[in-house]
2 protein chains.
Amino acid sequence: MSTPGRGLHGRVLDTLGPAITAGEYPAGSVLRTDELAQRFEVSRSVMREAVRVLESMHLVESRRRVGVTVLPECEWNVYDPQVIRWRLAGSERPRQLRSLTVLRSAVEPVAAGLAARHATAEQCAELTECALGMVANSRGHRLEEYLFHDVAFHRVILTASGNEMFARLGGVVAEVLAGRTHHDVMFEDPDPAAVTLHVQVAEAVRARDAERAEQLTREITEGALQELDILAP
Amino acid sequence: MSTPGRGLHGRVLDTLGPAITAGEYPAGSVLRTDELAQRFEVSRSVMREAVRVLESMHLVESRRRVGVTVLPECEWNVYDPQVIRWRLAGSERPRQLRSLTVLRSAVEPVAAGLAARHATAEQCAELTECALGMVANSRGHRLEEYLFHDVAFHRVILTASGNEMFARLGGVVAEVLAGRTHHDVMFEDPDPAAVTLHVQVAEAVRARDAERAEQLTREITEGALQELDILAP
DNA sequence: GTGACATATAAGTCTGACTTTTTGTTCCCG
DNA sequence: CGGGAACAAAAAGTCAGACTTATATGTCAC
């Protein structure tokens, strides 16, 4: 997905990034550029570029006379799409999925409320189309087709909110929804109640009912939280 | 703040990053590595490292035979703390501040609710301490001291939520609050109502009343939205 | 023990030569 | 006149080697 192997330094990152985010090198571990360059069979300049990228993600810190130090998890740029992808691919996947779902539960309802205010006529139409697509594929194990429309639906909501920070979470939501379909739960057809909620959200947005759009979306995300057993006793 | 001038490539970024995020090079503009290296009087290797970092932030894209292309704003990693800082420093500051405040309004109430469930005794104590500090400095133009406790308060809430994604927004909130005090509104003492709300949130968290903590925080962030005139007619 | 100094180490920087990919042009043939 | 294949140029990508600089750490005198 996205940009695989854009140059040698990218290949190095494809190995080193997942390794670090998976915790293979505990915080405080020290790596040396030369050693890494040898290990990956690339020149020092290529290795340096890779290290610079990791540094900009706050995964490592490079200091003279010391080496490349792995930073503690709390320093990482966990919003970097690349970091998110690496972590979702590793053993920390469940925890990452929970974090992201909680984030969704905070952001999406507010985004839906804003979308009800700012969505263009075209976006309203898209939304309805997505919702209908979900309905049409909600039965008969058409999981892939359902997922496609589900992702599109949430993307439109986030974009239509008019807030760039929300809009940029579209990719995250896509990953979470795809993960749910492909890895975790959802062996059978999606919950009919959820499908209905999506249709109702589309209606609420079209009707410019921000309050209702927000509340309905809150119900959707609460469902997502329940699927992962994230809730108070 | 943070890491100024960590190496030559960092200096280049300190100039080029703000320039790009400020829109000095419109999307689609093409730069050449060699030319940039000359302009900044650094070697090509240093320039390449800088470009790699910009690339990892999705500010630019480097392609063979073409050059370094500036990407449209919608591609940027707007959650990268560095990008946020650059944009807050430029002419897009007001818009950026609004985006971030809307994000806060979505995240912080949910974070407060979670904090009420997960906060340790120590965190509860910190929270109360911060709230008291806010009260103590809420009169007599002690804006800096007030800001300090305000930032600390929101950081504790975000951290205590137990969600790493929320916790990492502490820096963002700090920037927004600092910006409000230093640049924009707030020439006089803070709104007493807001101060009271903070105290009540601390109480609610201590009392493990998630519902109330969330609702009170929602009132706080709604106040922040109103200060920036972000609300429906 | 404490402070100044020396040393070794690993990152940082620069340069120049070479490779590879891609784009756009040219030219030939249908 | 149009289309496709071959070609040429441009810019990033890669590599190797020499040199510089900061700094952690050990040493030695006091």
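## Basis of the model

Residues are numbered from 1 along each chain as its sequence is written, and chains are lettered from A and ligands numbered from 1 in the order in which they are written. Because the model is predicted, local features need pLDDT of at least 70 and side-chain atom pairs count only at pLDDT 80 or more, while totals for chains, interfaces and linings use all residues; side-chain values use heavy atoms, with hydrogens and water left out.

## Architecture of chain A

Chain A contains eleven helices and three strands. Here helices (H or I, at least four residues) and strands (E, at least two) are DSSP runs, numbered from the N terminus. Read from the N terminus, the order of elements is α-β-α-α-β-β-α-α-α-α-α-α-α-α. The C-alpha trace of chain A extends over about 65 × 40 × 35 Å along its principal axes.

Of the 233 residues in chain A, 53% are buried. Buried denotes under 20% relative accessible area, exposed over 50%, and partly exposed in between (1.4 Å probe, protein chains only). Among the contacts of chain A with a separation of 6 or more, 66% join residues 24 or more positions apart; a contact means heavy atoms within 4.5 Å.

## Surface and charge

The accessible surface of chain A is about 11100 Å², and carbon and sulfur atoms hold 52% of that surface. Accessible areas come from the Shrake-Rupley method with a 1.4 Å probe; for residues, only the protein chains shown count as cover.

Chain A carries 26 positive and 33 negative side chains, with the centres of the two sets 7 Å apart. Lys and Arg count as positive and Asp and Glu as negative, whereas His and the chain ends are not counted. Each charge is placed at NZ of Lys, CZ of Arg, CG of Asp or CD of Glu.

## Relation between the chains

The same surface serves both copies, since 100% of the contact residues of chain B recur in chain A.

## Nonpolar core

The largest nonpolar core comprises 150 residues, and Phe166(A) and Phe166(B) have the most contacts inside it. Such a core is a set of buried Ala, Val, Leu, Ile, Met, Phe, Trp, Tyr and Cys residues joined through side-chain atoms within 4.5 Å. In soluble globular proteins, nonpolar side chains tend to be buried together.

Beyond its neighbours within four places in sequence, Phe166(B) is in contact with residues of both chains, including Tyr79(A), Val102(A), Leu103(A), Val107(B) and Leu158(B). Leu103(A) lies in helix α5 (residues 93-118) of chain A and is buried at 4% relative accessibility. With residues up to four places away in sequence left out, Leu103(A) touches Tyr79(A), Leu169(A), Val107(B), Asn163(B), Met165(B) and Phe166(B).

Arg104(B) belongs to helix α5 (residues 93-118) of chain B and is buried, with a relative accessible area of 6%. Its contacts, leaving aside neighbours within four places in sequence, include Pro109(B), His154(B), Val173(B) and Thr221(B).

Thr69(B), in strand β3 (residues 67-70) of chain B, counts as buried at 15% relative accessibility. Ser62(A), in strand β2 (residues 60-63) of chain A, is partly exposed, with a relative accessible area of 30%. Apart from residues up to four places away in sequence, Ser62(A) touches Val51(A), Arg52(A), Glu55(A), Gly67(A) and Val68(A).

## Loop residues

Glu41(B) is located in the loop between α2 (33-40) and α3 (44-56) of chain B. Its phi is near 55°, a positive value in a residue other than glycine, and Glu41(B) counts as exposed at 73% relative accessibility. His58(B), in the loop between α3 and β2 (60-63) of chain B, has a phi near 60°, again positive in a residue other than glycine. At 29% relative accessibility, His58(B) is partly exposed.

Ala207(A) occupies the loop between α10 (192-206) and α11 (210-227) of chain A and is exposed, with a relative accessible area of 55%. The C-alpha atoms of Ala207(A) and Ala116(A) are separated by 7.5 Å, although the two residues are 91 residues apart along the chain.
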